[in-house]
Amino acid sequence: MAWSPSWAGLQLGGGQALRLLVMAASVRLLWQAYGQHGFLAGLHVLLKPLALVGLPVCCFSLRLVLTLQQAERLVQARPKLSLSWLAGQLQAGEGSQTLPDKVELGFYSWQYRDGVLVGVACLVLIIIMKVVQ
């Protein structure tokens, strides 16, 4: 019984799991509503203030776009993952340029519904924080 979880620990773990579930559902909802380009452009805009403290926001955004493009290619190809396949992929990329020469991040203007969405999200977070405390 000394190693069993306490009731308070189970409550904290359940609360954290619920927060992660809500966050994942929110990201999925935004991805469905705005698509990949809109979601990434919004993420770039939200992270832009971090550039003031010296974080490379543009490099992060570019790496994220390239990673998602590569992941999309892998999902479409559905290869049988093995070490020989991975070695072949690494060797195939040495002599040729398979990635695009230019990557563009789209920027969208702030709309009224975006402000309403941020306001509702803040209101929900405030309510959740009041209930949790």
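This is a predicted model: local features need pLDDT of at least 70, side-chain atom pairs count only at pLDDT 80 or more; totals for chains, interfaces and linings use all residues.
Reader: Where does V57 lie, and which residues is V57 in contact with?

Author: V57 lies in helix α2. Leaving aside neighbours within four places in sequence, V57 is in contact with H44, L47, K48, L50 and A51. Contact here stands for heavy atoms within 4.5 Å. As for V45, 12 residues separate V57 from V45 in sequence, and their C-alpha atoms are 9.4 Å apart in space.

Reader: How do you know that the length of helix α2 agrees with its number of residues?

Author: Helix α2 covers residues 57-77, which is 21 residues. The expected span is 1.5 Å times one less than the number of residues, which gives 30 Å for α2. The C-alpha atoms at the ends of α2 are 30 Å apart, so the two values agree.

Reader: Which residues of α2 are buried, and what makes them line one face?

Author: The buried residues of α2 are V57, S61 and V65. Seen down the axis of α2, they fall within an arc of 75 degrees, so they line one face of the helix. These buried residues pack against α1, residues 7-47.

Reader: What does the face of α2 turned away from the buried side carry?

Author: That face of α2 carries the exposed residues R63, T67 and A77. The residue that follows α2 is R78, and its phi is positive, near 45 degrees.

Reader: What does W110 touch, and how far is W110 from G42?

Author: Not counting residues up to four places away in sequence, W110 touches G115 and V118. W110 and G42 are 68 residues apart in sequence, while their C-alpha atoms are 9.5 Å apart in space.

Reader: How do you know whether V132 is buried or exposed?

Author: V132 has a relative accessible area of 53%. The cut-off for exposed is over 50%, so V132 counts as exposed. The place of V132 is in helix α4, residues 112-132.

Reader: What makes V132 part of a patch, and which residues form that patch?

Author: A patch takes residues with over 30% relative accessible area and no salt bridge, and nonpolar side chains are joined within 5 Å. V132 has 53%, so V132 passes the cut-off for area. The nonpolar patch on the surface is formed by Y112, V116, V120, V124, L125, I128 and V132. Together these residues have about 670 Å² of accessible area.

Reader: How many helices and strands does the protein have, and what part of its residues is buried?

Author: The protein has four helices and zero strands. Of its 133 residues, 8% count as buried. The accessible surface of the protein comes to about 11400 Å², and 69% of that belongs to carbon and sulfur atoms.

Methods: Residues are numbered from 1 along each chain as its sequence is written. Side-chain values use heavy atoms; hydrogens and water are left out. Patches are made of residues with over 30% relative accessible area and no salt bridge: like charges are joined within 9 Å, nonpolar side chains (Val, Leu, Ile, Met, Phe, Trp, Tyr) within 5 Å. Accessible areas come from the Shrake-Rupley method with a 1.4 Å probe; for residues, only the protein chains shown count as cover. A salt bridge is a side-chain nitrogen of Lys or Arg within 4 Å of a carboxyl oxygen of Asp or Glu. Helices (H or I, at least four residues) and strands (E, at least two) are DSSP runs, numbered from the N terminus. Buried means under 20% relative accessible area, exposed over 50%, partly exposed in between (1.4 Å probe, protein chains only). The arc is that of the directions from the helix axis to the C-beta atoms.
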